[in-house]
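Biologist: I would like to learn how to read strand pairing and a ligand shell in a model. Please take me through one case.

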Amino acid sequence: MAKIAFIGLGQMGSPMATNLLKKGHEVSVYDINLAAIEKLTALGAASSPTLNEVVQGCEFIITMLPNGKLVEHVIFGEQGFVNAIAPNALVIDMSTIHPFESDQIREKLNALDIQFMDAPVGRTSDNAIAGTLLILAGGTDEQIAKASDILLCMGSEIINTGGPGHGIRVKLINNFMSISLNALSAETATLCEALDLPFDIAMRVMQGTPANKGHFTTTWPNKVLKGDLSPAFMIDLAHKDLGIALDVANQLHVPLAMGAASRELYSQARAMGRGKQDWTAILEHVRFCSGLTK
Ligand code: NAD
């Protein structure tokens, strides 16, 4: 059984630390919220008023905090634990933080010969309770192998994301897509309501199309991802359809901020000569605007 320090006992950290305890690990905990600590000590965790004492002799030190500044603070701040880390210990940040801050933390620790990996989590606090989180492990293969037993006390699946810093980058990509899609979904549902359409019928239609299935696995694989921009459905037509939706929404006084921004992307693509290309060529347009293609 491993000796583990767990710092940050919120919505996620509290059940994650609880699951480590349940699997028989020796867990010492720290949080600025005393009630959160008491909940864990009642279950058998150790605690101490200083971070240095909490991490003493631990093989793994896990942080699960709201942001990168706090992760940096608990490690390198005035009361931080950096000087109390045991030799060969592995610091694992499971928070969702800015990837460049995560890189800086890893580089600062590595310069002191201290091991660090990023292992943010996917799914929700219900999964944290059930121990079924999706763990996006960003570390060397050796670090991931070393941590996998304890990570699997908190999650049901570990994805090796391909190297240090990749876990937090995949998390960012996943959250970008899912959070943006949430807003676009809200605009779609609102337009549906304004048109007096039953949502279940609209859903049934969208479940069979890229609207709900997404483009990565439907329209992209055989077209833009293969370099084939010949039109199955033209950018010009996609632009026209989006224009109709925006006009209808306008007449019904429904603002569609994301829809309008999307239409402008198609307008740009058309203006740059892509009107007769497949709608998946919007990827090439965005890559071009980002300086990734000539
Ligand atoms: P939370 O706000 O519920 O918990 C954060 C905990 O950190 C609190 O208990 C707080 O007291 C503690 N804390 C703050 N400053 C501290 C300090 N200086 N020293 C010690 N403890 C300190 O947040 P959460 O929902 O548990 O999220 C934690 C991380 O997990 C975040 O990075 C979040 O983005 C990520 N995440 C959350 C979810 C979710 O569904 N809630 C899902 C995936 C990832």
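Modeller: This is a predicted model. Start with strand β1 (residues 3-7), which pairs with β2 in the parallel sense over five bridges.

Biologist: Which residue of β2 stands opposite I4?

Modeller: I4 faces V27 in β2.

Biologist: What do β1, helix α1 and β2 make?

Modeller: With helix α1 (residues 13-22), strands β1 and β2 make a right-handed β-α-β unit.

Biologist: In which sense do β2 and strand β3 pair, and over how many bridges?

Modeller: The pairing of β2 with β3 (residues 46-47) is parallel, over two bridges. There, A46 in β3 is the bridge partner of S28. A right-handed β-α-β unit is also made by β2, helix α2 (residues 34-41) and β3.

Biologist: Why is β2 largely enclosed by the rest of the structure?

Modeller: A residue counts as buried if 20 or more other C-beta atoms lie within 10 Å of its own. Four of the five residues of β2 (residues 26-30) are buried, so the strand is largely enclosed by the rest of the structure.

Biologist: How do side chains sit along a strand in general?

Modeller: In a regular strand they alternate between the two faces of the sheet.

Biologist: Now the ligand. How many residues surround it, and which are the closest?

Modeller: The ligand is surrounded by 23 residues, the closest being G10, Q11, M12, S95 and T96. Helix α4 (residues 68-76) gives the most to this shell, with three residues.

Biologist: How do the residues of the shell divide into nonpolar, polar and charged?

Modeller: The shell around the ligand has 12 nonpolar residues, 10 polar and one charged.

Terms used:
Residues numbered from 1 in each chain as written. Predicted model: local features only at pLDDT ≥ 70, side-chain atom pairs only at ≥ 80, totals over all residues. Near = placed C-beta within 6 Å. Nonpolar A, V, L, I, M, F, W, Y, C, P; charged D, E, K, R; others polar. Buried ≥ 20, exposed ≤ 12 C-beta atoms within 10 Å, placed from the backbone. Pairing = 2+ DSSP bridges. Right-handed = clockwise from strand over helix to strand, strands pointing away.
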